Amino acid sequence: MRPLTKLAACLLVLVANPLFAGEVALAPTVDAGRLPALGSSWLAANPYRARPVADEALAIGRDAYNQACARCHGRDASTNAAPAPDLRNLNRSCRRIEDDELKAWCLRDNDAYFAKTVRHGKVIVGVTHMPPWEGVLPQELAWAIQLFVERQAAGKP
Ligand code: HEC
């Protein structure tokens, strides 16, 4: 093969390889049908924290997380060796608060940050570190994913 043809072939492999399509948000094929529907305008806080909905959301969240987020954030949100940040650390400062009211305030703030980041992604100086998920990931699945990640974080210092 001529060097130029070889180069073109390599570039084609890189572009076509899903491992290099990091900035593309791929919708999970998980049915959120059993969770209360939330509509299209995003809430500021996680509406699924109370049981028994929370129990239902956890299993759905695990599937959706592993399909949509694990390739960057690590399988089952159980490693800090993944290329993207360990999401179990997101509510770490809230976990340490003992006062109930203060803790609830902290979690609400954390929910708002989670929703904002997931919807808009992380685009820093024009470089997509994480793609935006708005329009790809239904908010039902996003909040379920958050509950799953928090469950994985429980008991972690
Ligand atoms: C293509 C890789 C990729 C995928 C897929 C991905 N993320 Fe990310 N995510 C990143 C990177 C990289 C960062 C860190 C960006 C930065 O701060 O520069 C990040 C950051 C975040 C943050 C902020 C973390 C913090 O400590 O501030 C949240 C929340 C988040 N991602 C949630 C998710 C969720 C939920 C999913 C699945 C629906 C997901 N991500 C899928 C790459 C990805």
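1. What pattern does the protein chain follow, read along the sequence? The pattern is α-α-α-α-α-β-β-α. The model is a predicted one. In total, the protein chain has six helices and two strands.

2. On burial and surface: the protein chain has 157 residues, and 36% of them count as buried. Its accessible surface is about 9800 Å². Carbon and sulfur atoms account for 60% of that surface.

3. On contacts: take those between residues at least 6 apart in sequence. Of these contacts in the protein chain, 64% join residues at least 24 apart.

4. The largest pocket holds about 450 Å³ of space. It is lined by 24 residues, and H73, L87, T117, K122 and M130 are the closest to its centre. Helix 5 supplies the largest share, four residues.

5. What classes of residue make up the lining of the largest pocket? There are 17 nonpolar, four polar and three charged residues.

6. The second largest pocket has a volume of about 170 Å³. Its lining consists of R49, R51, A54, D55, L58, L147, E150, R151 and A154. Helix 2 (53-68) and helix 6 are the elements that give two or more residues to it. By class, this lining has five charged residues, four nonpolar and no polar ones.

7. Helix 6 deserves a look in both places.

Terms used: Residues numbered from 1 in each chain as written. Predicted model: local features only at pLDDT ≥ 70, side-chain atom pairs only at ≥ 80, totals over all residues. Heavy atoms only, no water. 1 Å grid on protein atoms, 1.4 Å probe; cavity = no way out; pocket = protein on both sides within 12 Å on 5 of 7 lines; lining within 4 Å. Points joined across faces, edges and corners; volume = space filled by probe spheres on them. Nonpolar A, V, L, I, M, F, W, Y, C, P; charged D, E, K, R; others polar. Buried < 20%, exposed > 50% of the residue type's maximum accessible area, 1.4 Å probe, protein only. Contact = heavy atoms within 4.5 Å. Areas by Shrake-Rupley, 256 points an atom, 1.4 Å probe, with all protein chains shown as cover.
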